[in-house]
Amino acid sequence: MKNEQVISIDAYISTFSKENRLVLNVVRKIIKEAAPGVKERINNGMPTFTFSGEDLVCFAGNNTYVEFYPTQKGYDAFHEELRVYKQGKGFVYFPLLEPLPYHLISRIVKYKYQSCFVATVTENITFNESII
């Protein structure tokens, strides 16, 4: 990704080669299917997906890999499965020359989404009980 500022995920993805756009769009689709109602935004120059005000996951493209940011909670829950991939601080490299672990990405997003959903419901129940 060039150092240009982008304002949408579509604009971000459009800066990559056709082959990389296909992969990034599939990753985006998997995230959106795994977390209905997720909000999209660009944060720190990367596609970021949030639910109920919490970042679920982010990703970034590159010519040779996809950087996937599961956040600490997602990383901790799937550490054993993620350890087979090269890692950076807070993210995992998924090489484009190998099949991307779409199922693992989906499971991480679902885990994060369900955690946020439960927290939101619990917060609402606690709030509602306080007014009774």
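## Overall architecture

Five helices and six strands make up the protein, which is described here from a predicted model. Read from the N terminus, these elements follow the order α-α-β-β-β-β-α-α-β-β-α. Of the 132 residues in the protein, 39% are buried. Where contacts join residues at least 6 apart in sequence, 52% of them connect residues at least 24 apart.

## Confidence of the model

The mean pLDDT of the protein is 88, with 85% of its residues reaching 70 or more. Among the elements, helix α1 (residues 9–14) has the highest mean pLDDT, at 97, while helix α5 (residues 102–130) has the lowest, at 74.

## Helix α2 and its two sides

Helix α2 has 17 residues, which at 1.5 Å a residue should span 24 Å, and the distance of 24 Å between its end C-alpha atoms agrees with that expectation. The buried residues of this helix are Asn20, Val23, Leu24, Val27, Arg28, Ile30, Ile31 and Ala34. Around the helix axis they cover an arc of only 160°, and therefore they lie on the same side of α2. An α-helix has 3.6 residues a turn, so residues three or four places apart point the same way. The face turned away from the buried side of α2 carries exposed residues, namely Lys18, Leu22, Lys29 and Glu33.

Asn20 is located in helix α2, which comprises residues 18–34, and its relative accessible area of 10% falls under the 20% limit, so Asn20 counts as buried. Setting aside neighbours within four places in sequence, the contacts of Asn20 are with Asn62, Asn63 and Leu96. Asn20 and Asn62 are 42 residues apart in sequence, yet their C-alpha atoms are 8.0 Å apart in space.

Arg28 also has its place in helix α2, and because its relative accessibility is 12%, under the 20% limit, Arg28 counts as buried. Leaving aside neighbours within four places in sequence, Arg28 is in contact with Ile9, Asp10, Ile13, Glu40, Phe49 and Phe59.

## Aromatic pairs

Nine aromatic pairs are counted in the model. One of them joins Phe49 and Phe59, whose rings are stacked, at 5.9 Å centre to centre and with 20° between the planes. This pair links distant parts of the chain, since Phe49 belongs to strand β2 (residues 46–51) and Phe59 to strand β3 (residues 54–61), ten residues apart. Phe49 is buried, with a relative accessible area of 0%, and Phe59 is likewise buried, with a relative accessible area of 0%.

The rings of Phe91 and Tyr93 have their centres 5.0 Å apart and their planes at 80°, and so this pair is edge-to-face. Both Phe91 and Tyr93 are buried.

Methods:
Residues are numbered from 1 along each chain as its sequence is written. This is a predicted model: local features need pLDDT of at least 70, side-chain atom pairs count only at pLDDT 80 or more; totals for chains, interfaces and linings use all residues. Side-chain values use heavy atoms; hydrogens and water are left out. Rings of Phe, Tyr and Trp (its six-membered ring) pair if their centres lie within 6.5 Å; planes under 30 degrees apart count as stacked, over 60 as edge-to-face and the rest as tilted. Helices (H or I, at least four residues) and strands (E, at least two) are DSSP runs, numbered from the N terminus. Buried means under 20% relative accessible area, exposed over 50%, partly exposed in between (1.4 Å probe, protein chains only). Contact means heavy atoms within 4.5 Å. pLDDT is the predictor's confidence in each residue, from 0 to 100. The expected span of a helix is 1.5 Å times one less than its number of residues. The arc is that of the directions from the helix axis to the C-beta atoms.
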